[in-house]
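Q: Take a close look at one part of this structure: the aromatic rings. Then set that part in its wider context.

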Amino acid sequence: MMEGMERPTRVLFVCLGNICRSPLAEGAFRKLLRERGLEAHFEVDSAGTGAWHAGEPMDPRARRVLEAEGAYFPHVARAMTREDALYYDHILVMDRENLAEVLRRFPEARGKVRLLLDYLGGGEVKDPYYGDYQDCLEAYWTVEAACKAFLEAHGPKGASPAGGA
Ligand code: 4NP
């Protein structure tokens, strides 16, 4: 049931390459929205601070993790733009390097950009680029938990699952 006519909340997940951590977070968040019937309330995307992997699909390990979790979605890597900084309401970054880079290049993002793991009490999602499948899986569990906490904080009122599971 839609309450009011507010536009969807715009959420952008950002990492360095947009092939591993931010696609994992986007997939986890999209899955949560599907499970909770909240897709109409959010507009979701991801981007990288760097453009080295622009145009590429996600990292094969990230893809395997998302497929195993029922959270895979089609993805093409892209670099974050100034338009993103202006458009999105929440820009959720994976580590302090991402945070500094977003603020350096896009001062417009100030006040909208924060570490995703702030929603879990703090910390960073470490770059899994040189890691293995297990590192990607653990990164997924971490970002999924943070996405749940983000949704509790910013989801539509009254949208928490009945029973509080
Ligand atoms: P991501 O991982 O930021 O989680 O997508 C990385 C992807 C590529 C590189 C580093 C991290 N790279 O150096 O190309």
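A: Start with burial: a residue is buried under 20% relative accessible area, exposed over 50% and partly exposed in between, with a 1.4 Å probe and protein chains only. The model is predicted, so to speak of local features needs pLDDT of at least 70 and side-chain atom pairs need 80 or more, while totals for chains, interfaces and linings use all residues. Residues are numbered from 1 along each chain as its sequence is written, and side-chain values use heavy atoms, without hydrogens or water.

F29 is buried, with a relative accessible area of 0%. Rings of Phe, Tyr and Trp (its six-membered ring) pair if their centres lie within 6.5 Å; planes under 30 degrees apart are stacked, over 60 edge-to-face, the rest tilted. The count of aromatic pairs is five. One of them joins F13 and F29, edge-to-face, at 5.6 Å centre to centre with 65° between the planes. This pair links distant parts of the chain: F13 is in strand β1 (residues 9-15), F29 in helix α1 (residues 21-36), and they are 16 residues apart. Helices (H or I, at least four residues) and strands (E, at least two) are DSSP runs, numbered from the N terminus. F13 and F29 are both buried.

F29 and F42 form an aromatic pair that is edge-to-face too, with centres 5.3 Å apart and planes at 85°. Again the pair links distant parts of the chain, from F29 in helix α1 to F42 in strand β2 (residues 42-48), 13 residues apart. F42 is buried as well, at 7% relative accessible area. One aromatic cluster takes in F13, F29, F42, Y119 and F150.

Charges meet rings too. A charge sits over a ring if NZ of Lys or CZ of Arg is within 6 Å of the ring centre and within 35 degrees of the ring normal. The charged end of R114 sits over the ring of Y119, 4.4 Å from its centre. R30 places its charged end over the ring of F73, 5.7 Å from the centre.

Now N18. This residue lies in the loop between β1 and α1. Most residues other than glycine have a negative phi. N18 counts as buried, at 0% relative accessibility.

D84 is in helix α3 (residues 82-87). D84 is buried, with a relative accessible area of 7%. Its side chain reaches the backbone nitrogen of T81 at 2.9 Å. Beyond its neighbours within four places in sequence, D84 is in contact (heavy atoms within 4.5 Å) with L12, A47, R78, A79 and I91.

Last, the whole chain. The protein has five helices and four strands, in the pattern β-α-β-α-α-β-α-β-α along the sequence. Buried residues make up 46% of the 165 residues. Of the contacts with a separation of 6 or more, 74% come from residues 24 or more positions apart. The C-alpha atoms fill a box of roughly 40 × 35 × 30 Å along the principal axes. The radius of gyration is 15 Å, which agrees with the value near 15 Å for a compact globule of 165 residues. That radius is taken over C-alpha atoms, and the globule rule is 2.2 Å times the number of residues to the power 0.38.

Notes:
A polar contact is a pair of N or O atoms within 3.5 Å; within protein, one must be able to donate a hydrogen and the other to accept it, and residues adjacent in sequence count only if both atoms are side-chain atoms.
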